[in-house]
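Here's a quick tour for someone meeting this structure for the first time. Have a look at it, then read on.

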Amino acid sequence: GNPPFLNQLRSSSAGSVARRSALRSDWPGLVGAYTDEAWIFLAAGLQALAPGGRLVMVQPLSILAARHAQNIRDHLLIHAELDLLWLPNERVFDASVSVCALGFRRRDNSSVGSGDDDCPPRRFVTTNFVSASPGGVCSPGASWGPLAADLDGVPRLDAEICGPRLSSVATCTAGFRQQFYGFKDVVREHRDDQAESRPVRAVTVGMIDPFDLRWGVHDHRFAGTMFRRPSVDIQRLSESDPGLHRWVGQRSRPKLLVATQTSVIELWVDVIGDAVPLTPVISVEPAAGVDQDGLDESDLWKLAAALASPVVSVQLLSRNYGAALSTRALKVAARELSELALPVDTDAWGRGAELAEALQTQPTAAYTTRTTRRDTFRRFGEAMNAAYGVDDAALIDWWIGRLPGRVATPSHPWR
């Protein structure tokens, strides 16, 4: 089957409140605010099968990793074995939606709820249905993104990453969508003749590059207006939205600012603590008084090196494959960053942190034709691979190839 794709985030396909209520009644526990109804067709088709019967359906690629599809993925694994995956790796339908096809075999009553003996699903790619090597076995509560990511060129990590979690040393915060409206009327263009010596810089996702911030260098759009040096009018914000003003005050500390929907993790270290992240920029802030594994509150560069490493980019891209706006984009959420493992080789991690600091603070003039900034990125990637216990030159090449071309010429208007 090829059911209709009815993404609830698109106004052209979102269902009415009454329809959502009826679906929740028919499929308790499976329908949420952002459930694509195409996913429900899998549950309905599975219900129609006899034990041992088979079902194959075209699906939006988001079924593999979207957080809102987790209940449906778990439901399917309880009642069926995932037997087949097809990834066309190109647009094969008129709709501008990336797709896959999933095949299931209905369990008999004695094996419902058991997936212990499931085999890796057969996998096929391209419109010629070329057979690929089997993937891993899907488990309840987990993304199916890794099942497909390597078929699209994403490297596979063979090493197990098992260090302490980022949440043990830092907090990750993302602004709410409502905050957009709170900032809308208090962001202004900073002028040199204004009274304050340094502006409270408003930072959008588009300004952030790997270890670089293009605030004040290029024009960026916010709330329909182009700004080159957008700043937050703190006095006006305190009067118009005291709650948001307090939130800004909590962010006024040294931190990392992480972009979303990028090819690899792109972040910038706010050493001074005067930048305000505008939704959906993620703020990563060391926990007060942290002293674990050589990491303390002032050691932002270690945090930056860990998050910007090739290992973290490939982990997140594999786990969230299909959930972003495109298959090349990396969807990043604050909660997922918190759950990431930190490196265990502290010596290599220290080298990576030094290179991270050099990448952000060293001006273009410091590089020569024989040693470029891109070379430093490669040495950084190699150091952080070692920090995570990963020995994979192909992963470095893949990561370097996905860096924005402009990383060779950092802006550095504000360090």
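The buried residues of α7 (242-251) are covered by elements including β6 (170-174), α5 (179-184), α6 (234-240), β14 (255-258), β16 (275-277) and β17 (282-286), where a contact is any pair with heavy atoms within 4.5 Å. Helices (H or I, at least four residues) and strands (E, at least two) are DSSP runs, numbered from the N terminus. Keep in mind that this is a predicted model, in which local features need pLDDT of at least 70, side-chain atom pairs count only at pLDDT 80 or more, and totals for chains, interfaces and linings use all residues. Residues are numbered from 1 along each chain as its sequence is written, and side-chain values use heavy atoms, with hydrogens and water left out.

**Helix α7**
- Which residues of α7 are buried? They are Leu-244, Trp-247, Val-248 and Arg-251, with buried meaning under 20% relative accessible area, exposed over 50%, and partly exposed in between (1.4 Å probe, protein chains only).
- These four sit on the same side of α7, because they cover an arc of only 100° around the axis, taking the directions from the helix axis to the C-beta atoms.
- An α-helix has 3.6 residues a turn, so residues three or four places apart point the same way.

**The chain as a whole**
- The chain has 13 helices and 19 strands.
- Of its 415 residues, 51% count as buried.
- Take the contacts with a separation of 6 or more: 72% of them join residues 24 or more positions apart.

**Loop residues**
- Thr-204 is found in the loop between β8 (201-203) and β9 (208-209), and counts as buried because its relative accessibility is 11%.
- Skipping neighbours within four places in sequence, Thr-204 is in contact with His-220, Arg-221, Phe-222, Leu-278 and Val-281.
- Asp-108 lies in the loop between β3 (99-106) and β4 (122-125), and at 38% relative accessibility it counts as partly exposed.
- Asp-108 and Pro-51 are 57 residues apart in sequence, yet their C-alpha atoms are 4.6 Å apart in space.

**Cysteines**
- How many disulfides (pairs of cysteine sulfur atoms within 2.5 Å) does the structure hold? The count is zero.
- Cys-162 is exposed, at 58% relative accessibility, while Cys-172 is buried, at 16%.

**Cavities and pockets**
- On a 1 Å grid over the protein atoms alone, a cavity is a set of points where a 1.4 Å probe fits but cannot get out, and a pocket is an open set with protein on both sides within 12 Å along at least five of seven lines; lining residues have an atom within 4 Å of a point.
- Residues lining the largest cavity include Leu-77, Glu-81, Asp-118 and Cys-138.
- The second largest pocket has a volume of about 160 Å³, and among the residues lining it are Leu-61, Arg-91, Asp-152 and Tyr-321.

How values were computed
A disulfide is a pair of cysteine sulfur atoms within 2.5 Å. Grid points are joined across faces, edges and corners, and a volume is the space filled by probe spheres set on the points.
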